[in-house]
Amino acid sequence: MDAKTGVNKDNPLALKDPSLLRQANYIDGAWVGADDSATLDVRNPATGAVIGTVPKGGKGETRRAIEAAERALVDWRARTAKERHAILIRWFDLMMENQEDLARIMTAEGGKPLAEARGEIAYGASFIQWFAEEGKRIYGDTIPSPVAGRRMMVIKQPVGVCGAITPWNFPNAMIGRKAGPALAAGCTMVLKPASATPYSALALAELGERAGIPKGVFSIVTGSASAIGEELTTNPIVRKITFTGSTEVGKQLMAASAGTVKKVSMELGGNAPFIVFDDADVDAAVEGAIASKFRNTGQTCVCANRILVQDGIYDAFVKKLAAATENLKVADGFEDGSQIGPLIDDAAVAKVEDHIKDATGKGAKVLTGGERHPLGGSFYKPTVLADVTPQMKVAREETFGPLAPVFRFKDEAEAIRMANDTEFGLAAYFYSRDVGRVWRVGEALEYGIVSINVGVFSNEVAPFGGVKESGVGREGSKYGIDDYLEMKFLCLGGID
Ligand SMILES: O=CCCCC(=O)O
């Protein structure tokens, strides 16, 4: 037993509170199996070992969760923001009190290095705390009427029942970022977590129940993505779909939601450029590139996907980047000091390999990595490629793995052209110490987020979201609650 954390190091899933590892669905305030008792295995990607099972739910279970959410909506939206705030703050407190157990569950099912997993729990919880407060600030408006004898007002009301689909790469934080604003606004939610990482979601439902979230307000259905997704997107009771995941699946969900004209929030794929100009602080840029590229083993929609470096500093930059990459510790997420964990599955490794093969076949050079890690399974060595060109697959597709391809550019105009030459528009990064360039490039990049001289920008107070095929809507920040509200215009006459 570790004296500091109280956790059994020989069995990392020997939790301080074992009842957080829930292997059932949470529907209408009850812990239940699938109707036909079918289950799905959940595996640890570091070892391939089965950790446990969860119900393989489908349309019927989802429909019941939606109907429960509709019943629960009546009372939940009628409560004061202050009452909802009290429950959400209890939920936040419980998440932070159980940070270590929640992080261990996340590392076991998603492979994320434990230090990063702890950080994600705090990040996910911060959305619950932030939106608990923002729920108290849902203001309306009055409008001076152009017609005598009338009064004009705008009020904001909860959208209603929301369907949420969350990814495996941030199995806690993406729930906080969706459920926080939804519940604070007075909406209810049915959530389908990724099949690879359901336990993080179920643990949050367990803590939500302890915090006093009423039955039906927040249900979780694990199981078949197609069946659950179909019910969520076609059931007319559901008024909003919120999704974080690939652009391909996002488009399918948007098309399916069109039949009942649901509101949608989509946080989709990226192809983030990371531009380093000649005038940058090269050491700071290398540090930022490592943080951005290798966060969550490169499996983040905002990870640098294309590193664009200006001619004058290209050689110095790639040398330093390769050296820093070589120093990263690849290990099981539970091992002390692990910085690069396993990829989520074999398909993810195959994509990295395909991008490297394509690039080296067209002239790119491997500076470090470029092969599977001796640990085996889905561990891959963090890799730096030099002499990468726009003709290679890595220029167009999101690798979603520990591969840093470094492109070369001549001047500012070329860098902007290369950076914007993609259908995606989520996050972009650049390093420069020229204040004029900072404004010019910041304004010219066609992205929802532009991070300047900073490698990791995410937090609960900032708006997160993309343009072009990277998505619709914003999460987090004072704007994030708007996606869960409808505006109503009240026009009052006949009172004078
Ligand atoms: O893959 C994208 C999830 C969001 C990451 C972040 O919030 O920084």
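Student: How many salt bridges does the rule count in this model?
Tutor: The count comes to 34 salt bridges. The model is a predicted one.

Student: What makes Arg151 and Asp496 a salt bridge?
Tutor: The rule asks for a side-chain nitrogen of Lys or Arg within 4 Å of a carboxyl oxygen of Asp or Glu. Between the side chains of Arg151 and Asp496, N to O, the value is 3.0 Å, so the pair meets the rule.

Student: Which parts does the pair tie together?
Tutor: Arg151 belongs to strand 6 (residues 151-158), while Asp496 lies in the segment after strand 20 (485-492), so parts 345 residues apart in sequence are tied together.

Student: How is the chain divided into domains?
Tutor: Domain 1 covers 18-268 + 472-487, and domain 2 covers 273-459. Their centres, taken over C-alpha atoms, are separated by 31 Å.

Student: How do you know that domain 1 and domain 2 are in contact?
Tutor: Contact means heavy atoms within 4.5 Å, and 23 residues from domain 1 and 23 residues from domain 2 take part. About 1800 Å² is buried between the two domains, 62% of it on carbon and sulfur atoms.

Student: How many salt bridges cross that interface?
Tutor: The rule finds 0 salt bridges between domain 1 and domain 2.

Student: What describes the crossing of helix 1 and helix 7?
Tutor: The axes of helix 1 (residues 59-78) and helix 7 (residues 225-234) come within 8 Å and cross at roughly 35°. The crossing is right-handed. Helix 1 makes the contact with Lys59, Thr62, Arg63 and Ile66, and helix 7 with Ala227, Ile228, Glu230, Glu231 and Leu232. By class, these are 4 nonpolar, 1 polar and 4 charged residues.

How values were computed. Residues numbered from 1 in each chain as written. Predicted model: local features only at pLDDT ≥ 70, side-chain atom pairs only at ≥ 80, totals over all residues. Heavy atoms only, no water. Axes fitted to C-alpha atoms, helices over the stretch in contact; angles between N-to-C directions. Helix = DSSP H or I, 4+ residues; strand = E, 2+ residues; numbered from the N terminus. Left-handed = near helix turned anticlockwise from the far one by under 90°. Nonpolar A, V, L, I, M, F, W, Y, C, P; charged D, E, K, R; others polar. Domains from an automatic or database assignment. Buried area = accessible area lost by both parts, 1.4 Å probe.
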